[in-house]
Amino acid sequence: MERKTRMILALDVSDREEALKIAEDVSEFVDAIKVGYPLVLATGLEIIRELAEFAPIIADFKVADIPNTNRLICKQVFEAGADAVIVQGFTGRDSLDACIEVASEYRRDVFVVSEMSHPGGAEFLQPVGEAIARMASEAGAFGLVAPATRPERVKKIRKIIGDKLTIISPGVGAQGGRASDVIAAGADWVIVGRSIYKAELPKEAASEIAAEIEAELRGE
Ligand code: XMP
């Protein structure tokens, strides 16, 4: 995945036409499109290949099972055309290794959730987030998912993993995080959903966030 605009669209709509229209509209402002259960359950797995025309696709299935099942899930995800998959880290090293093995067979990427962006993410996951980040680094994951709602945590996790892994960070806009703060804290990409796909003019909304990131990177 190339780091250009540093933004990923979370496309959590449930209508195929709407999804394709938004993807086309905002493609110049995003480096990837994240597709998850809302869209795939509503429209089918084929939507991944259709959207891949506009940007690389990250399949957000938060895979969290035993190694064999994880292997079967990841195989389906990559066969469907996804460039990367998001998996949970709390299931342990063997489950993560299974995902990374399949991803390397397909030459695709794995992102590991280290800590979640919503308030409940601080209840159970945050206390083990740093251990998950270290495990993901040792296992050879491509990146981590860390919360834009807590830039100080992104900073801490960046310190732990150094430059070895990338960080994608959801929670910008609707959940309260600011794109520029999270990029400054060390995220490679911010993930933005509702602030773009629910905007009256998604293209304008994406363009504004992209401009904010650009200004941060220029040091303004
Ligand atoms: P919004 O609409 O809040 O969408 O901009 C955010 C998107 O990111 C997903 N999400 C997460 N995924 N770890 C993840 O792996 C997280 O901590 C996290 N927080 C939000 C959410 O499902 C939506 O697609």
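Helices and strands here are DSSP runs, numbered from the N terminus; a helix has at least four residues and a strand at least two. With that settled, I will go through a few residues of this model, which is a predicted one.

I start with threonine 91. Strand S4 covers 84-88 and helix H5 covers 93-106, and threonine 91 is in the loop between them. Leucine 20, by contrast, is 71 residues from threonine 91 in sequence, and their C-alpha atoms are 34 Å apart.

Next, serine 114. This one also sits in a loop, between strand S5 (109-113) and helix H6 (126-139). Serine 114 counts as buried because its relative accessibility is 0%. What lies around serine 114, beyond four places in sequence? The contacts are Leu125, Gly129, Ile132, Ala133, Leu144, Val145, Ala146 and Ile157. With valine 145 there is a polar approach: a polar atom of the serine 114 side chain is 3.1 Å from the backbone oxygen of valine 145.

Last, the core. The largest nonpolar core holds 79 residues, and Met7 and Leu11 have the most contacts inside it. Helix H5 supplies the largest share of this core, 6 residues. Which residues does leucine 11 touch, apart from neighbours within four places in sequence? Ala19, Ile22, Ala23, Ile33, Lys34, Leu39 and Leu51.

That is the end of my part.

Definitions and conventions:
Residues are numbered from 1 along each chain as its sequence is written. This is a predicted model: local features need pLDDT of at least 70, side-chain atom pairs count only at pLDDT 80 or more; totals for chains, interfaces and linings use all residues. Side-chain values use heavy atoms; hydrogens and water are left out. A nonpolar core is a set of buried Ala, Val, Leu, Ile, Met, Phe, Trp, Tyr and Cys residues joined through side-chain atoms within 4.5 Å. Buried means under 20% relative accessible area, exposed over 50%, partly exposed in between (1.4 Å probe, protein chains only). Contact means heavy atoms within 4.5 Å. A polar contact is a pair of N or O atoms within 3.5 Å; within protein, one must be able to donate a hydrogen and the other to accept it, and residues adjacent in sequence count only if both atoms are side-chain atoms.
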